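Work through the exercises below with the sequence and the structure side by side, and try each task before reading its solution.

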Amino acid sequence: MFRPKVPTMPQPTGPVAPPAVVEPATITSGTPAPPPAPVAPVPTHPAVRLTPGTALALVGGGTAAVLVVGAVLVSMLLAVALTATSVAVCAVGIRSVLTRR
């Protein structure tokens, strides 16, 4: 019951064609290869040009991203601090109830 059953390999059905015979190719000497095409020179100017407007937009976007990430991290830290404080207050309350009995 708990032994795995190994599937059997299915047998091919229908007509099976024999493997094709591959004839060896003959190499004949032909005309020499044409010379390679000249390569275009690489431009020396950068692909992205930063204008004062785009630089200001990049700085503004980076600042906004840092502020958003900082706000999320501070809110998470505040949530952890509030949770720890409430657990501590509950623990002190339970302890005082148990010691009075």
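**Exercise 1.** Where does L78 lie, and is L78 buried or exposed?

*Solution.* Begin with the place: L78 belongs to helix 1, where helices (H or I, at least four residues) and strands (E, at least two) are DSSP runs, numbered from the N terminus. Next take the cover: L78 counts as exposed because its relative accessibility is 53%, given that buried means under 20% relative accessible area, exposed over 50%, and partly exposed in between (1.4 Å probe, protein chains only).

A note on the source belongs here: this is a predicted model, in which local features need pLDDT of at least 70 and side-chain atom pairs count only at pLDDT 80 or more, while totals for chains, interfaces and linings use all residues. Residues are numbered from 1 along each chain as its sequence is written, and side-chain values use heavy atoms, with hydrogens and water left out.

**Exercise 2.** Locate P12 and decide whether P12 is buried or exposed.

*Solution.* P12 is found in the segment before helix 1. Its relative accessibility is 63%, and therefore P12 counts as exposed.

**Exercise 3.** How far apart in space are L78 and T26, and how far apart are P12 and V66?

*Solution.* Take L78 and T26 to begin with: 52 residues separate them in sequence, and the C-alpha to C-alpha distance is 79 Å. For P12 and V66, the separation is 54 residues in sequence and 64 Å in space, again C-alpha to C-alpha.

**Exercise 4.** Describe the protein chain as a whole, from its elements to its extent.

*Solution.* Count the elements: the protein chain has one helix and zero strands. Then consider the extent, for the C-alpha trace spans about 105 × 75 × 20 Å along its principal axes. The radius of gyration, taken over C-alpha atoms, is 38 Å, whereas a compact globule of 101 residues would have one near 13 Å, by the rule of 2.2 Å times the number of residues to the power 0.38. Finally, look at the cover: 0% of the 101 residues count as buried.
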